[in-house]
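Here are my notes on this one, jotted down as I went through it. Have the model open beside you while you read.

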Amino acid sequence: MQYLKWEDGKEYDGSQINPSWAFQQFKVKDSTIVSWIGPMNIMGKNLIDYEDVGLDIKGNQMLNFIVEHFDEQPANLRLAYHRQRILVMITRDKLLNYGINTSQDGDDIFINGKKLSVSIATASISSMKIHFALNITVEGTPDDVETSALEDNNMTIEQVHQLQDEIAQSYKEMIETIEKDITKTKVF
């Protein structure tokens, strides 16, 4: 698995959740976790969560992650959601290191009952995908959702970049150590 950083300022519009996006964007032939800071504005045709149809999924400045795994053929949606939860738990652990206490409900992270994250997992014939993002600011988030943001918890943009690397590296290491554990385990 490779960790790649995309140029900050790029908008997440939902098209990045399509299969092989990292290959098309970066020419990388591997499972990837790609991260960047930028706005989010998901339009109707790119919504893949049936519960979100008709809703605004947006924010002016988000810490975005796109994960893609090719290790299961055909791709497994249940495994994608398990991995999504691992990414959420890693993020909560890392936020605690910055003194930010959170709670979790499924794949969502909250600070004092206000939503900090958005996330979705999906699968195609060829790969499993996850989009996960944290609000850096509440500006531009939907009016009908109480949201929280990293900047409201005194995180500087330098700390957000540090958090970005910590989350991505920890996720990558978690997946790699699972693979190593599989290879060393006697099965019957």
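1. Ground rules. This is a predicted model, where local features need pLDDT of at least 70, side-chain atom pairs count only at pLDDT 80 or more, and totals for chains, interfaces and linings use all residues. Residues are numbered from 1 along each chain as its sequence is written, and side-chain values use heavy atoms, with hydrogens and water left out.

2. Salt bridge count. Six salt bridges come out, taking one to be a side-chain nitrogen of Lys or Arg within 4 Å of a carboxyl oxygen of Asp or Glu. I picked a few to look at.

3. K5 and D165. These two form a salt bridge, with the closest N and O atoms 3.0 Å apart. K5 sits in strand β1 (residues 2–5) and D165 in helix α3, so the bridge ties together parts 160 residues apart in sequence. Helices (H or I, at least four residues) and strands (E, at least two) are DSSP runs, numbered from the N terminus. How exposed are the partners? K5 is partly exposed, at 45% relative accessibility, and D165 is also partly exposed, at 29%. The classes are buried for under 20% relative accessible area, exposed for over 50%, and partly exposed in between (1.4 Å probe, protein chains only).

4. K129 and E68. Here the side chains meet in a salt bridge at 3.9 Å, N to O. K129 belongs to strand β8 (residues 128–135) and E68 to strand β3 (residues 57–69), so this pair ties together parts 61 residues apart in sequence. Buried or exposed? K129 is buried, with a relative accessible area of 2%, and E68 counts as buried too, at 1%.

5. D71 and R83. The closest N and O atoms of this salt bridge are 2.7 Å apart. D71 is in the loop between β3 and α2 (77–97), while R83 is in helix α2, 12 residues apart.

6. The nonpolar patch. M174, I178 and I182 make a nonpolar surface patch of about 240 Å². Areas are from the Shrake-Rupley method with a 1.4 Å probe, and for residues only the protein chains shown count as cover. Patch residues have over 30% relative accessible area and no salt bridge; like charges are joined within 9 Å, nonpolar side chains (Val, Leu, Ile, Met, Phe, Trp, Tyr) within 5 Å. I182 is in helix α3 (residues 157–184) and is exposed, with a relative accessible area of 52%.
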